[in-house]
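Student: Could you take me through this structure one feature at a time, giving the general idea and then the case at hand?

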Amino acid sequence: MQQFPCPFCGLRNEREFHFAGEAGKTRPDTTGKVSNADWASYLYTLKNRKGEVREVWMHRSCSELFILRRNSVTMAVLGHEQLRKDVP
Amino acid sequence: MSGFRVNAGGLIDRNKPLNFTFDGRKYSGFQGDTLASALLANRVRVMGRSFKYHRPRGVWGAWFDDPNAIFDVTLGDVTLPNCSATTTPLVDGMHARAVNAFPSARFDIKGVLDRFSRFMPAGFYYKTFMWPNWHLFEPMIRKLAGLGHLDPAVINDYQSGQHHIRCDLLVVGGGATGLAAARVAAEAGQSVILVDDHPEFGGGLYRQGCDVEGQKPASWVKEHCQAITAAGGKLMTATTAFGVYDHNMVALAQDKGFGKAPDLWRVRAKRILMATGAMDRPITFINNDRPGVMSVDGAMEFLGRYDVLAGRNIALLSNNSFAQSAATVLQEAGAEVRLLDATQGQARALGGKVLRGVELNGKRISCDTLLASGGLTPVVHLWRHAGGKLDWNAEIAAFVPGKALQGMVAAGAANGTFDLGHALAEARAVATGKTTAKQPRTYQITPLWPEIGSKGRQWIDFQHDVTLKDVELAARENYVSVEHLKRYTTLGMASDQGKTSNMAGLAAMAALQGRAIPEVGTTTFRPPFVPVALELYHGARRGQVFNPLKRLVLENQHRAAGAALGEYGGWLRPGWYGMQDITREVLKARGAAGIFDASPLGKIEVMGPDAAKFVNFIYYNTISTLKVGAIRYGFMLTEGGIVYDDGVIARLAENRFVISCSSSHVDGVSAALESWRQDGNDPDRIFIHNTTQNWPTVTVAGPKARAIVEQLKLGIDLADFPPMTWRDGVFQEAGVRVSRVSFTGDVSYEISIPVALAPALWDGALAVGEPLGAGPIGLEALSVLRAEKGYIIIGKDTDGEVMPHDLGFGIPRTRKKAAFVGDRGLHTDKANSKDRRQLVGLRVPDSADAIATGAHLVETSGAGFRSIGIVTSSYDSPTLGHPIALALVERGATRLGEELTVWHMDQQSRATVVAPVFLDPKGERLDAG
């Protein structure tokens, strides 16, 4: 079982976490025109990279959402960042 | 002549004799014996039958590497199937029976199968029973297959304890290497755990028959154990490290005695030291599976640990330098030993159930026991579990752990360091993170692998009866990858998972293809290292505790009122009260009022300066225009535009809302709200607080609801309380929130109250309601009431394709200007299709039966039918006196009045499409309050 670092609670077992998506995906501005292709890409296209990945995870116990950097091959945890931008 | 006790030593306690039976015969052994060692001491040679050909088999190894002796064991009222005889400690009163053999291992009536073996090569079943249909033969073949018999009786208290523990260093394997390493690490201040699967530490020391660092093995082991304990280390015997998982988690199965479930320890170790030793590998020669053919290591182990000498007249067939010292030890114990060089030519075991001798290069040597050693194979399973690579070491003709892993090291025989002195030096170095210089090894081996094309039946996998010829056949049929070879021939797929067979199998395949062994590679090593009870994995998490039900604050009140409680969306809720009479409860609710517990309804507060903008984004419906004091019904969608949840939202203040989602979606909606709050919004300007469990809700619904609530004296002017608004009230000095939201189509008051006063409110509502003809109703009646009004349940009346405009809520889709979750998803080609399934009602004649829920609506298409929709809810309506149904039907909204064909279980009937509201379409009952 893997251990992930929650910015709030520290190192916890993976079963407390929930994968929320790949990091870096921005929701298209739906008040304007969004093509079928762009919308489909937003919904379904995942990079699913082999190796180093940046992902958004939620720690279900405290509901904190954060960015986890890890290696999808070796399962090594490389680091984590706050999701919110305003924190120094 | 066969095995016997030497009375020289070993770890058995001769003061504690134990009686047991095997295949119905009585035997005795000693405390400290395994079933196998006790049988061997009683001169029993045939301990099992092979899986396919029912060949008689004796023990090959003395521990986890034995593939042959597998017993169903009964002790008292517990029977466990498929116990390995070599690893099951003997207990007084055991009754053991060889699996896959009838009436006994010695006289097995299916032994005749071996005569037909030439017609049953690898793939025999696949090829033979193809025509006309495998399934015709399957039941018969399944009866032939399988090993032990499962006793259907439930074993009392068979529950695995679950432990979690951390340490600096976990040492796996309590032989000389493990003990030396654990001691050094513990004395250097590390927190150390040392585990070994035997009941005693010492590993291979007892079988080697030599002193260690000037001491007898037992005293050296004792001294080290004491030192480790004194330095704060933890010692665990009879505990198998059966798997290494991500981030250095090692799973240990701790034996708790026969018939008791093992305990599971999840160890999170900063470093793991693999000191798992090495095992002997078989030599592939003719009839190498005969009883009496044993591994050298196995025979030495039986002697050193259990004081059992495998035979009196021993031939020792080997290709490596350890043979000489083994021969010396066996001779000292009283055996005659002939040392034979296995590399000199093809060997053949002579005899059947009783071994008569061995033929080497045409020369016959008589013996009662033939020990074989094809070289040592380091036990590297855990290394591979952890993702470590293996290197081929040609000098010792074996795979050894490759490049060091982060957090894991190997030492001793497991690392290919077979010399005791070198292993101890290596152990002491790596325990504290140092390395050792390579030392010249004394171990010499002449590689010896299966000889392709050689004559006779030569076993590679003993338990599954895979011979060299089967491997050759697989190669001819192009199953050349070791993974394909394994699956085609079942080589390595027996309960020992190829511990003895994999090396010979892949060496044979390498030779067949003219490739080097490391090029062919190994099959994947996966946990568990040895079979473990499934029980181990769940411990107490079973039955009710597997997925605990959420319990209502008012459960005692419901029980007192005679509620039939059942699981609804994860909650234990009343299905009905008293005798199951849903009609009576429905009519009571329609005639007077139904009083029900709506506590599981979501109560998720959304607060903060950006709350209004946020909920407007979350909801399909426009929420920004909602006035303080008002309530609105709406949908939450997925980004694909699919209806995820429906419910109401109340505006408590300018910047404060309460989302009342459906009962089973509270956790999901909370998580979704948190996701959107933190991802894409300023989390300091929005706060989400799930208060569902803080506010039990008592709902009073029906024509007499207002009269009842009036008498509860909540301090609210009910004359000025229109539908879809909420009011603050007071009940016994506690603040309550009352919402006029209806799920039945009648006047309805949802009263949410702090936990402490919920029972008083419930009792009060019943006390004033019952004289008026009202009473408690359960979820089943509620389900009928809402269907009469055409109110949907998400997930029952909708599925993963339904969008809001399919349910008659199309306006926000075209009019809402602000962005909202799922907005773009509502305008795809699919969403715009004219053929979407839409919610409708169905009517059948008054005297007809209700349509089955799940029935299809079909139209004729060529010779067959095509489904154009499904019935999602269907009831006999007590209020209306006829059946009603809700359905999703293609272009349903355009079909009002149309008669459709209903298809269910090959029966056809007719139903008419109507609007999905059966009761009070104008809403007069709803407004009556």
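Student: What average pLDDT does chain B have?

Tutor: pLDDT is the predictor's confidence in each residue, from 0 to 100, and where it is low, the predicted coordinates should not be read in detail. Chain B averages 94, with 100% of the residues at a score of at least 70, and for the complex the predictor gives an ipTM of 0.95 and a pTM of 0.89.

Student: Which residues touch the most other members of the largest nonpolar core?

Tutor: A nonpolar core is a set of buried Ala, Val, Leu, Ile, Met, Phe, Trp, Tyr and Cys residues joined through C-beta atoms within 7 Å. A residue is buried if 20 or more other C-beta atoms lie within 10 Å of its own, exposed if 12 or fewer, and partly exposed in between, with C-beta atoms placed from the backbone. Here the largest core has 104 residues, of which Val606(B), Val615(B) and Ile649(B) touch the most other members. Strand S47 (residues 882-890) of chain B gives the most to this core, with six residues; helices (H or I, at least four residues) and strands (E, at least two) are DSSP runs, numbered from the N terminus. A second, separate core of 91 residues includes Cys83(B), Leu340(B), Ala342(B) and Ala504(B).

Student: What is Val615(B) in contact with, leaving aside its neighbours within four places in sequence?

Tutor: Two residues are in contact if their C-beta atoms, placed from the backbone, lie within 7 Å. By that criterion, and with those sequence neighbours left aside, Val615(B) is in contact with Val606(B), Ile623(B), Ile649(B) and Phe657(B).

Student: Why is helix H22 of chain B largely enclosed by the rest of the structure?

Tutor: Helix H22 (residues 779-789) of chain B has eleven residues, and eight of them are buried, so it is largely enclosed by the rest of the structure. Among the buried residues of H22(B) are Glu780(B), Leu782(B), Glu788(B) and Lys789(B). The buried residues of H22(B) pack against strand S32 (571-577), helix H17 (582-591), strand S33 (594-597), strand S46 (864-877) and S47 of chain B. Just after H22(B), Gly790(B) takes a positive phi of about 80 degrees.

Student: Which backbone angles deserve a second look?

Tutor: Most residues other than glycine have a negative phi, and most peptide bonds are trans. Asp465(B), a residue other than glycine, has a positive phi near 55 degrees; Asp465(B) lies in the loop between strand S28 (459-461) and strand S29 (466-467) of chain B, and counts as buried because it has 26 C-beta neighbours inside 10 Å. Met724(B) likewise has a positive phi, near 60 degrees, in the loop between helix H20 (705-711) and strand S40 (726-731) of chain B, but with 16 C-beta neighbours inside 10 Å it counts as partly exposed. As for peptide bonds, the one from Phe102(B) to Pro103(B) is cis, with omega near 0 degrees, and the one from Pro527(B) to Pro528(B) is cis, with omega near -5 degrees.

Student: How many residues of chain A are in contact with chain B?

Tutor: 18 residues of chain A are in contact with 17 residues of chain B. On the side of chain A that touches chain B, helix H1 (36-44) and strand S4 (52-59) each supply at least two residues, and H1(A) gives the most, with three. In chain A the elements run β-β-β-α-β-β-β from the N terminus on, and buried residues make up 15% of its 88 residues.

Technical notes:
Residues numbered from 1 in each chain as written. Chains lettered and ligands numbered in written order. Predicted model: local features only at pLDDT ≥ 70, side-chain atom pairs only at ≥ 80, totals over all residues.
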